[in-house]
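I opened this notebook to record what I looked up in one model.

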Amino acid sequence: MTYDFDEIIDRKHTNALNTDGFRGYIFGDTEGKMKFPFKDDEFVRMWVADMEFAMCPDVIQAIKDRADKRIIGYSQVFEPDFYEAYNAWNQKMYGWTYPKEEICFSLGIIPALYMLVDLLLGDHDYAIINTPAYGYFQHPIDERHKHAIHNKLKYDAQGNWTIDFDALEKDASNPFAKLLIWCNPQNPTGRVWTEEELRKVAAIVEKHNLWIISDEIHCDLLRQGVKHIPMLRLCQNIKN
Ligand SMILES: Cc1ncc(COP(=O)(O)O)c(C=O)c1O
């Protein structure tokens, strides 16, 4: 199918954070009272991870078809097609599938992070976060009054980001460390961790009996020839 990447779509009044919420989110101007030297349309909005491209027509059609059934009601994913499609994709792309009974739904990764931080960390426990990190790894820790150990990634003169395994081992051996909030591909460095790196991380997590939240939201955005490896594939014996 051909796709028009040049089409400009008016997103105003769609409750989009990008267009309708940026004044409040970025500038704290929830009432729309601040005066800016530019019109809203003149801002180049590159701050939030959503795009200016139209959704795929098949997805739009599926949403319309669902709306045509006219009653929404309490819903859950009962139809097997979802699980089949999800696992067919995972098998094709990553050589891995997830048993239906182990799949839980969340409104997004951010709500899942808030819930899991609450569930997995006691009041005195620590989560380990590699930094630099996606900001929402820290926000639930702060808001739920938990603690974090920042494990700094190493940056070398050639511009490569790597894991400081000695520091990670030390941080993981802290008796209050209970959880690693992991990101692969990593935001913001863009690192896609190698199998060797992932295995070493998995071994540390296992040795120190930590939980791991592996945020793999960006796994489909890879350069050609780069492969994503789901952490769970390497962490089989960490579960439970
Ligand atoms: C690493 C990472 N995790 C999670 C999210 C957001 O996830 P969600 O929209 O599902 O809450 C983003 C968005 O930029 C992200 O970069």
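I started with a pair that turned out to be out of the solvent: both Glu197 and Arg191 are buried, where buried means under 20% relative accessible area, exposed over 50%, and partly exposed in between (1.4 Å probe, protein chains only). The two form a salt bridge, with 2.5 Å between the closest N and O atoms; the term stands for a side-chain nitrogen of Lys or Arg within 4 Å of a carboxyl oxygen of Asp or Glu.

I note the basis here: this is a predicted model, in which local features need pLDDT of at least 70 and side-chain atom pairs count only at pLDDT 80 or more, while totals for chains, interfaces and linings use all residues. Residues are numbered from 1 along each chain as its sequence is written, and side-chain values use heavy atoms, with hydrogens and water left out.

**Other salt bridges**

I searched the whole structure and got 13 salt bridges. Arg23 pairs with Asp29 at 3.4 Å between the closest N and O atoms, and both of these residues are buried. I then checked Arg45, whose side chain meets that of Glu52 in a salt bridge at 3.0 Å, N to O. Arg45 is partly exposed at 23% relative accessible area, and Glu52 is partly exposed at 32%. I found Arg45 and Glu52 again in a network of salt bridges that also links Arg11 and Asp50.

**Surface**

I looked for nonpolar patches (residues with over 30% relative accessible area and no salt bridge, nonpolar side chains Val, Leu, Ile, Met, Phe, Trp and Tyr being joined within 5 Å). Leu17, Tyr25, Ile26, Phe27 and Met34 form one, with about 440 Å² of accessible area together (Shrake-Rupley method, 1.4 Å probe, only the protein chains shown counting as cover). Helix α2, residues 22–27, gives the most to this patch, with three residues; helices are DSSP runs of H or I with at least four residues, strands runs of E with at least two, numbered from the N terminus. Met34 sits in the loop between α2 and α3 (57–68) and is partly exposed at 37% relative accessibility.

**Interior**

I searched for cavities (sets of points on a 1 Å grid over the protein atoms alone where a 1.4 Å probe fits but cannot get out; lining residues have an atom within 4 Å of a point). One cavity of 30 Å³ or more came up. The largest cavity has a volume of about 40 Å³, taken as the space filled by probe spheres set on the points. Its lining includes Asn130, Phe137, Trp182 and Gln186. Strand β5, residues 177–183, supplies the largest share of that lining, three residues.

Note on methods:
Patches are made of residues with over 30% relative accessible area and no salt bridge: like charges are joined within 9 Å, nonpolar side chains (Val, Leu, Ile, Met, Phe, Trp, Tyr) within 5 Å. On a 1 Å grid over the protein atoms alone, a cavity is a set of points where a 1.4 Å probe fits but cannot get out, and a pocket is an open set with protein on both sides within 12 Å along at least five of seven lines; lining residues have an atom within 4 Å of a point.
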